[in-house]
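Thanks, everyone. Let me put the model on the screen and walk you through it.

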Amino acid sequence: MNELPLIRFIVCVGDVCDRDGRGSALHERLSEALDIDFGKGIAAGRIACTRRSCLRHCSQGVPMLRVEPSGDVYADADIERMLDLVEEALMAG
Ligand code: FES
């Protein structure tokens, strides 16, 4: 049976969010940071960072990111704050 990830980051790389490559850059920076700090969790499938073509928050005009399962949405997310969310999820889960 496949277990859902404990926490998953979905980075928008749609036309608005990835204007000038900012969405892709956010996805790359977050993926690298997660891999450095939580590589084992990623390998175990408990932490994931994926890309999506639109999160329906285009009006913000900056790269958008959704966290699951909370459903919280962040504009131009701070990497350190996202790493803190992983710590909190690991402690809770
Ligand atoms: S293009 Fe990113 S939220 Fe729509």
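Let's start inside. The largest nonpolar core has 19 residues. A nonpolar core here is a set of buried Ala, Val, Leu, Ile, Met, Phe, Trp, Tyr and Cys residues joined through side-chain atoms within 4.5 Å. Buried means under 20% relative accessible area, exposed means over 50%, and partly exposed is in between, with a 1.4 Å probe and protein chains only. The residues with the most contacts inside this core are Ile7, Phe9, Leu30, Leu34, Leu65 and Met82.

Who supplies the core? Strand S1 (7-12), helix H1, strand S2 (47-52), strand S3 (64-68) and helix H2 each give at least two residues. H2 gives the most, with six residues. Helices (H or I, at least four residues) and strands (E, at least two) are DSSP runs, numbered from the N terminus.

A word on the source. This is a predicted model: local features need pLDDT of at least 70, side-chain atom pairs count only at pLDDT 80 or more, and totals for chains, interfaces and linings use all residues. Residues are numbered from 1 along each chain as its sequence is written, and side-chain values use heavy atoms, with hydrogens and water left out.

Next, charges. Side chains of opposite charge can pair when their charged atoms come close. How many salt bridges does a search of the whole structure find? Four. The cut-off: a side-chain nitrogen of Lys or Arg within 4 Å of a carboxyl oxygen of Asp or Glu.

Take Glu68 and Arg8. Their side chains meet in a salt bridge, 2.5 Å from N to O. Glu68 lies in strand S3 and Arg8 in strand S1, so this pair ties together parts that are 60 residues apart in sequence. Arg8 is partly exposed, at a relative accessible area of 25%. Glu68 also meets Arg66 in a salt bridge, at 3.1 Å, N to O. So Arg8, Arg66 and Glu68 are linked in a network of salt bridges, by the 4 Å rule.

Another bridge joins Arg81 and Glu88, with the closest N and O atoms 3.2 Å apart. Arg81 is partly exposed, with a relative accessible area of 33%. Glu88 counts as partly exposed too, at 43%.

Which residues form the negative surface patch? Asp37, Asp78, Glu80, Asp84 and Glu87. Patch residues have over 30% relative accessible area and no salt bridge; like charges are joined within 9 Å, and nonpolar side chains (Val, Leu, Ile, Met, Phe, Trp, Tyr) within 5 Å. Lys and Arg count as positive and Asp and Glu as negative, while His and the chain ends are not counted. The place of a charge is NZ of Lys, CZ of Arg, CG of Asp or CD of Glu. Areas come from the Shrake-Rupley method with a 1.4 Å probe; for residues, only the protein chains shown count as cover.

The largest share of the patch, three residues, comes from helix H2 (residues 79-92). Asp37 is in helix H1 (residues 22-43). Asp37 is partly exposed, at 45% relative accessible area.

On to the backbone. The peptide bond from Glu68 to Pro69 is cis, with omega near 15 degrees. Pro69 sits in the loop between S3 and strand S4 (73-75). Is Pro69 buried or exposed? Exposed, with a relative accessible area of 71%. Pro69 and Leu4 are 65 residues apart along the chain, and their C-alpha atoms are separated by 9.5 Å.

Two residues have a positive phi without being glycine. Asp20 has a phi of about 60 degrees. Asp20 is in the loop between S1 and H1, and is exposed at 72% relative accessible area. Arg56 has a phi of about 65 degrees. Arg56 lies in the loop between S2 and S3, and counts as exposed at 71%.

Last stop, Ala75. Ala75 is in strand S4 and counts as partly exposed, at 37% relative accessibility. Ala75 and Asp18 are 57 residues apart in sequence and 13 Å apart in space, C-alpha to C-alpha.
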